[in-house]
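The sequence and structure come first.

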Amino acid sequence: MNKLKETLKERRITAKELAARVGMEPPAIRRYVRGELVPSIDLATKISAALNMDQGELWDLASPSSNGRTVPVYGAAQAGKGEDISDISSPMDYEPSPPTINAGGYGVYVSGQSMSPRLSSGDLVFAAPGRPIKEGDLVVVQYRDNGDLLAIVKEYVEHNATTLTLLQSHPKKAITIPQSDVAAVHRVVTVNFS
């Protein structure tokens, strides 16, 4: 049985009641309760509030098995380049693949507190290449700096022919990266909170 389903049963909350609390249709929320899907960060926030849980508990409850697939995980923090920058030139580990990750997906450990309270140091974000990105989404941005392939996790603002604009939370500020330095921008689809 799915752990989220068990929690609802323990708290005597039906999927229909949970759907009403988070503003969804019951058939849609049942897919998460059955463990067919892992909620997005925004939905996880709504569900955790509805169940009076912290988000870390929710991800533990909602994450179904990976069916034996693994994805590479990056995250060795770069001393001297900034505490929230990770070297992604080679994996440091492999983790079970969340079901929301497609081919080419990967994980990155968050380093530093620049996205607090949304993310904390040690959280593991999973990115899915090819997923559409909109303003406000968390993204992993891969960019080149003096030949090194690095990554940061920030909030997406906009992308045009010359620059990529991101937002960090702590301290709140906009970050602009020249388009010529950007290797990839991938949407964060799942987070394992530390």
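The text below describes a predicted model, beginning with a pair of helices and ending with strands.

**Helix packing**

Two packed helices are described by the angle between their axes and the distance between the axes. Helix α2, residues 15-22, packs against helix α3, residues 26-33, at an angle of about 110°, and their axes lie 9 Å apart. Angles of 65 to 115 degrees count as roughly perpendicular, and α2 and α3 are therefore roughly perpendicular to each other. The crossing of α2 past α3 is right-handed.

On the α2 side, the contact is made by A15, K16, L18, A19 and V22, and on the α3 side by P26, I29, R30 and V33. Sorted by class, this contact of α2 with α3 holds seven nonpolar and two charged residues, with no polar ones.

I47 belongs to helix α4, residues 41-50. The C-alpha atoms of I47 and A19 are 8.9 Å apart in space, although the two residues are 28 apart in sequence. I47 has a relative accessible area of 0% and is buried.

**Strand pairing**

Strand β7, residues 138-145, is mostly covered, since six of its eight residues are buried. β7 pairs with two strands, β8 and β11, as listed here.

| Pair | Residues of partner strand | Sense | Bridges |
|---|---|---|---|
| β7 and β8 | 148-159 | antiparallel | eight |
| β7 and β11 | 182-192 | antiparallel | five |

Individual partners can be named in each pairing. R144 is bridged to L149 in β8, while V141 stands opposite V185 in β11. The hairpin of β7 and β8 has two residues between its strands, and N146 takes a positive phi near 55° there.

**A buried threonine**

T165 is part of strand β9, residues 163-169. Is T165 buried or exposed? Its relative accessibility is 14%; the cut-off for buried is under 20% relative accessible area, so T165 counts as buried. Neighbours within four places in sequence aside, the contacts of T165 are Y156, V157, E158, I175 and T176.

**Summary of burial**

I47 sits in helix α4, and T165 sits in strand β9. For β7, burial is given for the strand, with six of eight residues buried.

Terms used. Residues numbered from 1 in each chain as written. Predicted model: local features only at pLDDT ≥ 70, side-chain atom pairs only at ≥ 80, totals over all residues. Heavy atoms only, no water. Axes fitted to C-alpha atoms, helices over the stretch in contact; angles between N-to-C directions. Helix = DSSP H or I, 4+ residues; strand = E, 2+ residues; numbered from the N terminus. Parallel < 35°, antiparallel > 145°, perpendicular 65-115°, else oblique. Left-handed = near helix turned anticlockwise from the far one by under 90°. Contact = heavy atoms within 4.5 Å. Nonpolar A, V, L, I, M, F, W, Y, C, P; charged D, E, K, R; others polar. Buried < 20%, exposed > 50% of the residue type's maximum accessible area, 1.4 Å probe, protein only. Pairing = 2+ DSSP bridges.
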